[in-house]
Amino acid sequence: MMLKKTNYMMLKKTNYQKSEALLARASQVLAGGVASEFRKYNHPHAIFYTHGEGTRVYDVDGNAYLDFTLSQGPLIVGHSHPHVLAEVEAYSRQGQLYAGQHIKEIELAEKLNQLIPSAELMRFCLDGSEAVQTAFRVARSKTGKNKFLRFEGHYHGWLDNVAWGISTPSVEALGDEENPKVFPWSAGLSSNSREDFITLSWNDLDLVERVVAERHNELAAIITEPVMCNNGCIVPNEGFLQGLRTVCDRYGIALIFDEVITGFRLGLGGAQRYYNILPDLSIFAKAIASGYPISAIVGKREWMEEIVSARVIHAGTMNTSTPTVAAALATIDVLERDPDTYDRMFRLGRRLMDGLRTAAQTAGQNLFVQGTGPMFNTSFTALPDIRNYRDTLQTDKAKLKQFIAGLHDRGIRVIGRGLWYISAVHTEDDIEQAIKVAAEVLKEID
Ligand SMILES: Cc1ncc(COP(=O)(O)O)c(C=O)c1O
């Protein structure tokens with residue numbers, strides 16, 4: 001039974017008993033009780049949900065949440081969008097998977113080709129992690145070189161050669177910026193995976209230029225999140241992305257934009273249209289299909305020729321199943337229908353960012369809010385600015401945990417590391433509600 005919107009938002013939610021019991025049951029048969037490591041870190045433990053609708057998601061204990069996680073990004077048109085569901089149902093009723101091609105996947109590729117500046121050719125996969133690895137394979141094949149350069153704190157999926165550089169005991173442990181220490185995120189990584197990459201601090205073009213000048217003979221690619229969304233929500237310094245483009249051109253290195261978050265969030269053309277920089281290869285996933293498993297590796301023809309010629313093999317039994325393709329096309333329909341969609345997402349996001357800053361000032365809290373609007377991050381810090389991973393390591397994680405837990409207990413769901421996403425269906429009322437609740441929480445935390 002759903003509580004009425006006006007009532008439930010005012011209630012403090014402290015009851016997670018049914019989720020707790022289900023977690024105990026799940027742990028008997030699901031390793032750790034969950035299907036993805038990050039789900040363990042919900043507040044106060046993994047939560048079990050019953051349904052979602054628009055900007056609301058509901059759990060088994062009857063708690064309702066105004067959702068700013070959007071399922072870690074994918075739900076850009078909200079939960080259970082009727083147009084998406086109708087298209088998925090209609091198209092998958094005709095058949096689900098053919099071990100062959102179908103017409104709508106051409107339509108989807110044609111659409112992405114119009115929307116994304118560098119998407120001359122593409123291939124579809126199931127998720128971001130897979131598409132990232134496909135991009136590395138293409139870059140290695142074309143350049144004949146092996147390593148990629150990546151940046152501290154950027155997340156490119158959970159597979160071996162990228163499961164490094166995202167967890168660190170302390171900022172001191174990272175050492176010298178030119179030759180930083182890198183820590184594995186997981187046990188069991190192939191020892192060879194450490195040979196695949198070099199790591200540098202982000203947003204420092206001089207550093208990149210110096211290191212690449214020395215090591216370009218080893219480098220097939222530079223991969224970057226165009227906005228660093230996995231630690232903070234840090235926009236690139238003026239000229240940084242253009243500088244990467246120039247360095248890559250100078251030495252014949254692939255520039256890979258990992259647009260798994262920025263894709264469809266900064267606009268339908270991703271960060272590459274927003275910042276007007278053309279990468280050679282890029283990855284789109286998450287928001288392109290409202291929670292259905294499809295991703296795309298897109299790129300300039302001269303790079304994607306590696307796949308056309310079958311020098312690079314890319315495959316997958318489950319690729320372009322009909323529900324995923326229908327979901328992507330329907331998501332684009334919804335986002336394109338109203339020409340104000342993106343302006344509104346930016347407007348609402350910025351209103352929320354401003355409201356949180358004002359509430360923090362009133363409460364005397366050192367909350368730092370940064371981002372673009374459709375996605376932004378909240379952290380607690382005395383630093384005047386946060387420009388890279390090393391800065392994020394110095395924020396007050398214990399206070400952030402209290403803030404996120406306090407919001408959650410009052411029906412506002414935000415990603416645990418402080419990231420907020422705005423969807424095309426959030427309303428001004430949603431934003432004002434979130435500000436009001438955040439103001440209460442900020443007054444209460446230590
Ligand atoms: C920037 C970025 N790249 C890659 C990935 C991996 O994508 P997936 O979880 O779909 O494998 C993520 C996931 O959060 C991401 O944020």
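Biologist: How far is the ligand oxygen from an N or O atom in the side chain of Lys-286?
Modeller: In this predicted model, the gap between a ligand oxygen and a side-chain N or O of Lys-286 is 2.9 Å.

Biologist: Which other residues are around the ligand?
Modeller: Among them are Tyr-155, His-156, Gly-157, Glu-225 and Asn-230, plus Val-260 and Ile-261. By type, the shell splits into three nonpolar, five polar and four charged residues.

Biologist: Switching topic: which residues have the most contacts inside the largest nonpolar core?
Modeller: Phe-68, Phe-264, Leu-352, Phe-403 and Trp-420, in a core of 59 residues.

Biologist: Why does that core lie between domain 1 and domain 2?
Modeller: Because both contribute residues to it: domain 1 covers 5-67 + 339-444, and domain 2 covers 82-337.

Biologist: What does Phe-264 touch, leaving out residues up to four places away in sequence?
Modeller: Its contacts are Ile-76, Leu-112, Gly-270, Phe-284, Ala-287, Ile-288, Ile-332, Leu-335 and Tyr-342.

Biologist: How many residues are in the second core?
Modeller: That one is separate and has 28 residues, including Ala-135, Phe-136, Leu-189 and Ile-297.

Conventions. Residues numbered from 1 in each chain as written. Predicted model: local features only at pLDDT ≥ 70, side-chain atom pairs only at ≥ 80, totals over all residues. Heavy atoms only, no water. Core = buried A, V, L, I, M, F, W, Y, C linked by side-chain atoms within 4.5 Å. Buried < 20%, exposed > 50% of the residue type's maximum accessible area, 1.4 Å probe, protein only. Domains from an automatic or database assignment. Contact = heavy atoms within 4.5 Å. Near = heavy atom within 4 Å. Polar contact = N/O pair within 3.5 Å; in protein donor to acceptor, adjacent residues only side chain to side chain. Nonpolar A, V, L, I, M, F, W, Y, C, P; charged D, E, K, R; others polar.
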